[in-house]
Every structure is written in C-alpha cells, then in structure tokens.
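Student: I would like to learn how to read a few features in a structure. Could we take them one at a time?

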Amino acid sequence: MQPTADFDASRLARSLLRRSRQGALATLMPESGDPYCSLVNVASHPDASPILLLSRLALHTKNILVDTRVSLMLDERAAGDPLEGARIMLAGRAEEATGEAANILRRRYLNAHPSAEAFVDFKDFSFFRIAPSGLHLVAGFGRIIDLKPEQFLTEIGDAADLIEAEQGAVGHMNEDHREAMNLYATRLLDAESADWRCAGCDPDGMDMQAGAATLRLDFPERVTSAIALRKMLVRLAGEARAPRADKS
C-alpha cells in the first residue's frame, strides 16, 4: 500500500505512538505460553518507541522478565464505534532501562503522566522501552498495512543536542509560553481552546496535552538542535498568529 494525499501510513502510526497514553499490553505466561493482556499507561521515547513504567509485583512484569516478547495495542479513542478509528498492534521486546537511558525514559514518561511522580521511585518500579520489530496498522477499509520499524520510528542519531535540551524546552514552553501552546492547538491543529502544555519535543514534532486530550504538532521539517527547535517554535507561533484567509 502506497501513501496517498489523505493517507500516510507511517505518519499515522507515528502519531498514534506519540499521542497514546494507554494501551493493552500482551505478554506470555512462562509455563503455559498463554497470552496475558493488561491495561498499561504509555509514553513515547524520542524515537517514538513505547515507554512503560512497570512494577515487579505485576504479573505482566514477571512475564517480561522471563520472556521479553510483547505486543501493544494502541487506538485513537475515536468517538462512536471504536472499530471505526485507527489502531495499531506493535510487536517487539520490552527492555528494562538503566543509567542514562532510564533517565530519558523517566523524564518523558513523567511529562506524559505527572501523577506517576507519586510512585515512580518505589523500589519495585522500573522503566521499560519496547524495541519494536514491526507494527500492524488498521485505519479503515483498504487501509490495513504492516510497517517495519524504519517506516515509523524517528531517526535520532543526529539529534543528541535536541534530546539534551528537550526538558529545558518543555519547561520553558509550559512556564512562559502557554498562550503560544494554545495557539498551536487552536490555530494550527483546529483543536478546542484548553490548558494545553508541552509534553515532549523530538526531531519530527511536539507532543501536547490538556487533561486526557493529546495532540501531535508535526514540524514542516526536522529539527536536531536546541537552536533549530527554538527557531521552529517561533516560526510556528508566527504562523498561528497570522490572520486566516477567508474561506467563504
């Protein structure tokens, strides 16, 4: 299946990975090999792969520590019949993070789920990243496709400067530029006005959320440094403030 003007499978899959905050995690029971499914909160790594915060007391974590193979179902939570909305099933291996890798997962997860601050430091909790082997996208009739990781993950090999500066940028946008965040949402993404805040930045775009609602603001071109990110956000704010053409 090739992308069309109104359907870009890679972009839609990446958007679901960025916007989703909950999903169904399937693991394998060690003795029987039976699938075990549970509801989990998720966030996204700078490369768009899923981040999980799991307790070793949970059965799904015990399963992962024996067999790292997992699948994760995410959907766009569309109004009406949920089967009419887009969804993905991502397969891969859940890898426990340590050191600096764990620090990146921690800050991105907490940006998406601030309430997790209450238990993130409990000794039984650890961060896991799902290293994808592929995903299956269902986006409606005739829009069903399998994608390889290189088709939906974000390249970050050249973005070390951006990743290092990300948390500072998130804090700056949320503390000093909430008006701009609301303009991005309402003028660029046609969303309702709300208390929108920045939840993360990566080379392809910015994640935004207000309560349980999430948005993805794609950048018109990649950014890989703090300076490029600042220029992009100023540019997009200017576009959001510009008078709209009369569509009548």
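Predicted model: local features only at pLDDT ≥ 70, side-chain atom pairs only at ≥ 80, totals over all residues.

Tutor: Residues are numbered from 1 along each chain as its sequence is written, and side-chain values use heavy atoms, with hydrogens and water left out.

Student: How many residues of helix α1 are buried?

Tutor: Buried means under 20% relative accessible area, exposed over 50%, and partly exposed in between, with a 1.4 Å probe and protein chains only. Helices (H or I, at least four residues) and strands (E, at least two) are DSSP runs, numbered from the N terminus. In helix α1 (residues 9-19), 9 of the 11 residues are buried, so α1 is largely enclosed by the rest of the structure. Among the buried residues are A9, A13, L16 and L17, and also R14, R18 and R19.

Student: What caps the N-terminal end of α1?

Tutor: A polar contact is a pair of N or O atoms within 3.5 Å; within protein, one must be able to donate a hydrogen and the other to accept it, and residues adjacent in sequence count only if both atoms are side-chain atoms. Here the cap is D8, with a side-chain oxygen 3.2 Å from the backbone nitrogen of S10.

Student: Which residues does L147 touch?

Tutor: Contact means heavy atoms within 4.5 Å. Leaving aside residues up to four places away in sequence, L147 touches A9, S10, A13, G134, L135 and F152. L147 lies in strand β8 (residues 144-147) and is buried at 5% relative accessibility.

Student: At what angle do α3 and α5 pack?

Tutor: Axes are lines fitted to C-alpha atoms, for helices over the stretch in contact, and angles run from 0 to 180 degrees between N-to-C directions. Angles under 35 degrees count as roughly parallel, over 145 as roughly antiparallel, 65 to 115 as roughly perpendicular and the rest as oblique. Helix α3 (residues 99-112) and helix α5 (residues 160-176) pack at about 30°, their axes 11 Å apart, and are therefore roughly parallel. The contact brings I104, R107, R108 and N111 of α3 to I163, E166, Q167 and V170 of α5.

Student: What is the relation between α6 and α7, roughly parallel or oblique?

Tutor: The angle of α6 with helix α7 (residues 226-241) is about 60°, with axes 9 Å apart, and the two are therefore oblique to each other. In the contact, E179, A180, L183, Y184, R187 and L188 of α6 meet L233, L236, A237, E239, A240 and R241 of α7.

Student: Which value of phi does A48 have?

Tutor: Phi of A48 is near 90°, a positive value in a residue other than glycine. A48 sits in the loop between β3 (43-44) and β4 (50-55) and is buried at 0% relative accessibility. D190, also not a glycine, has a positive phi of about 55°. D190 is in the loop between α6 (178-188) and β9 (197-202), and is exposed, with a relative accessible area of 62%.

Student: What does the side chain of Q209 reach?

Tutor: The side chain of Q209 reaches the backbone oxygen of A112 at 3.0 Å. Q209 is in strand β10 (residues 205-210) and is buried, with a relative accessible area of 5%. Beyond four places in sequence, the residues touched by Q209 include R21, N111, D195 and W196.
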